[in-house]
Amino acid sequence: MLDFFTIFSKGGLVLWCFQGVRGPAAACTAPVNALIRSVLLQERVGNNSFNHEALTLKYKLDNQFELVFVVGFQKILTLTYVDKLIDDVHKEFRDKYRNEFQQKGTLGLLNGTFDFKEDFLRLLREAEENSKIRAPTAMKTFEQSLKSQKTVKSMIETRGEKPKEKAKNKKNKGSKKEVLGTEAATVPSKAAPDAKQSPSAAAGDREELTKDEILQKNREEFFKKRLKGGEKSNKSPKPETQKEKGKKPRVWDLGNSNAKVLDYSNSTTNGNTDTCPTEEFDPDVALGDQDREPGRLYDLEYESEEEEPEEEKVIQNPSQSSAKKGALGGMFGMLKGLVGSKSLTREDMDSVLEKMKDHLIAKNVAADIAVQLCESVAKKLEGKVMGTFSTVTSTVKQALQESLVQILQPQRRVDVLRDVMDAQGHRRPYVVTFCGVNGVGKSTNLAKISFWLIENGFSVLIAACDTFRAGAVEQLRTHTRRLNALHPPENNGGRTMVQLYEKGYGKDAAAIAMEAISYARNQGFDVVLVDTAGRMQDNAPLMTALAKLIAVNTPDLVLFVGEALVGNEAVDQLVKFNKALADHSMAQTPRLIDGIVLTKFDTIDDKVGAAISMTYITSKPIVFVGTGQTYRDLRSLNVKAVVTALMKA
């Protein structure tokens with residue numbers, strides 16, 4: 001049973017609506033609005049279905065008349081006739097009111113009336129009856145099966161025999177791994193005493209032997225070879241001293257094998273600046289570009305000098321390739337690629353979409369995401385009437401570029417500085433938690449964000465919650481020293497701008513984060529940056545610990561740190577991190593990832609597909625982009641720069 005069926009224009013004008021379940025007229029408003037926000041506006045129309053709470057929504061686009069057909073029904077129901085129903089309704093409604101759409105246009109439909117209830121009920125009744133009439137698939141009879149075609153002789157196996165196909169594929173691996181049985185009897189042995197006999201006589205003798213005799217003979221030949229090898233090995237001189245078995249424990253230079261001596265972290269140093277002396281180093285190496293304005297987060301830069309020649313090449317390519325055939329051939333070659341005021345079909349776009357898909361995959365976009373993007377562009381353009389001098393290639397490329405821009409545009413703007421100031425007004429620290437897989441650069445980019453916050457006048461407390469990786473606390477301590485050297489307390493009214501809160505290794509990360517947040521509240525810190533241990537997305541115990549840390553401490557911002565080098569792996573990481581946070585959280589509304597930090601962006605040239613993969617799969621914004629080795633190598637995402645790099649040939 002259908003919950004509702006609605007037809008509206010892409011401008012948001014509802015033309016007709018049917019409600020199959022009793023209730024308020026606005027019952028279908030929330031699901032349709034969610035479909036518009038999450039699918040239509042985000043260019044994710046590759047799939048024709050969308051789930052919202054307990055409902056499943058299926059939709060179809062009519063690009064010629066700018067219409068959207070949506071049907072909603074309960075998710076637990078299996079309605080096989082929905083796809084056929086939506087196609088039939090689309091054809092019936094379009095053909096019935098074609099003239100009104102063409103003559104009045106979108107504004108003219110405001111006062112129009114569309115009497116479509118009787119036609120819809122007829123189509124619905126026909127679809128339901130056809131689904132009932134459809135007979136279930138009958139099982140095959142024994143005569144129709146492959147087993148009935150086999151003879152009785154082929155199904156009888158003699159004991160000890162092997163099937164012919166397996167016997168052909170069996171390889172002789174030498175005398176060390178000889179196969180016992182009738183096959184071993186047919187293989188002539190190199191060390192047999194009667195090897196000088198003719199092959200026919202040897203074969204005859206083998207056939208007369210029983211299985212036990214063959215087994216005994218093979219054993220004798222095997223022992224003879226081992227004895228010969230043993231005599232040769234006995235002639236070699238024995239070593240005078242034999243190595244002792246087992247592994248000796250390593251003795252350290254300090255003369256103490258206790259692992260606690262190697263833990264240089266000191267839990268009593270929290271809040272004491274004397275234990276973190278100012279480090280002397282070259283500030284130019286840590287800061288990078290000195291001309292940059294302090295505290296400003298610059299946009300990602302990308303220059304493409306080949307963009308305009310690339311566009312010219314796409315449009316002029318047919319005429320250039322056919323110029324060799326003469327002026328007449330060049331004219332026809334140019335006109336061959338033009339659409340000429342007709343509606344686009346899927347066949348027109350298939351070849352171009354295939355090239356676009358390969359291009360996206362080559363740019364490091366995940367394969368599944370590339371397929372869905374091309375499918376979305378195809379559904380967006382199918383049936384759309386093109387201009388006279390528009391090529392299919394340029395049209396598809398333009399539509400794909402618009403889709404990429406729409407995907408990268410964040411649904412919710414994450415303004416960290418404004419949120420920190422808002423938290424200051426409530427006299428509490430702003431808490432940011434970093435998570436991600438091993439080796440993506442969580443600690444390094446945490447230090448870059450700390451430097452950016454300090455330059456904007458905020459004090460930072462770094463919580464060392466990576467109690468697993470060796471050297472994690474020492475790495476953060478080094479960053480703390482350098483940041484304090486770049487912004488000493490003398491320049492900030494005697495206030496220490498960054499401190500490290502650490503409790504050593506092997507402790508509960510969630511408890512350390514809670515203590516750090518409480519310490520920051522008491523000491524008046526503006527921001528708490530929580531560094532967590534790297535973990536693979538399939539490691540259930542570590543993912544449970546991460547979900548516990550986030551659920552207990554409720555940070556203001558959860559950032560996933562991912563590499564720009566990954567392709568398909570980016571999708572798997574984000575999906576499983578979000579799923580683990582949802583599954584292992586004890587809250588009724590679990591806290592998921594809020595934003596993304598994309599690291600190592602300077603190592604990929606123009607292969608920027610990971611940005612598309614991450615934002616497409618989660619709809620979360622890329623908050624920061626790491627581009628280098630210095631503290632100022634932190635950028636905000638420039639959508640135009642990323643799309644330009646992605647579309648570059």
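Predicted model: local features only at pLDDT ≥ 70, side-chain atom pairs only at ≥ 80, totals over all residues.

How many helices and strands does the chain have? I counted through the assignment and got 23 helices and 14 strands.

**Whole chain**

I looked at burial next. Of the 649 residues in the chain, 41% are buried. The exposed surface comes to about 38,300 Å², and 51% of that is supplied by carbon and sulfur atoms. I also checked how far apart in sequence the contacting residues lie. Taking contacts with a separation of 6 or more, 74% are between residues 24 or more positions apart.

**Helix 21 against helix 22**

Two packed helices are described by the angle between their axes and the distance between the axes, so I looked up both. Helix 21 covers residues 568-583 and helix 22 covers residues 609-618. Their axes come within 9 Å and cross at roughly 30 degrees. Angles under 35 degrees count as roughly parallel, and therefore helix 21 and helix 22 are roughly parallel to each other. I noted the crossing of helix 21 and helix 22 as right-handed.

Which residues meet there? From helix 21 I listed Ala570, Val571, Leu574, Val575 and Asn578. Helix 22 brings Ser613, Met614, Ile617 and Thr618. Sorted by type, the residues of this contact are 6 nonpolar, 3 polar and no charged.

Most residues other than glycine have a negative phi. I found two that go the other way.

Lys600 has a phi near 55 degrees, a positive value, and is not a glycine. I placed Lys600 in the loop between strand 12 (595-599) and helix 22. Its relative accessible area is 28%, so Lys600 is partly exposed.

Ser619 has a positive phi too, near 60 degrees. This residue is in the loop between helix 22 and strand 13 (622-626). At 29% relative accessibility, Ser619 also goes down as partly exposed.

**Met356**

My last stop was Met356, in helix 13 (residues 346-362). Is Met356 buried or exposed? The cut-off for buried is under 20% relative accessible area, and Met356 has 10%, so I wrote it down as buried.

What does Met356 touch, leaving aside its neighbours within four places in sequence? I got Cys374, Thr393, Val396, Lys397 and Leu400. I checked the spacing for one of these, Val396, which is 40 residues from Met356 along the chain. The C-alpha atoms of Met356 and Val396 are 8.7 Å apart.

Methods:
Residues numbered from 1 in each chain as written. Heavy atoms only, no water. Axes fitted to C-alpha atoms, helices over the stretch in contact; angles between N-to-C directions. Helix = DSSP H or I, 4+ residues; strand = E, 2+ residues; numbered from the N terminus. Parallel < 35°, antiparallel > 145°, perpendicular 65-115°, else oblique. Left-handed = near helix turned anticlockwise from the far one by under 90°. Contact = heavy atoms within 4.5 Å. Nonpolar A, V, L, I, M, F, W, Y, C, P; charged D, E, K, R; others polar. Buried < 20%, exposed > 50% of the residue type's maximum accessible area, 1.4 Å probe, protein only. Areas by Shrake-Rupley, 256 points an atom, 1.4 Å probe, with all protein chains shown as cover.
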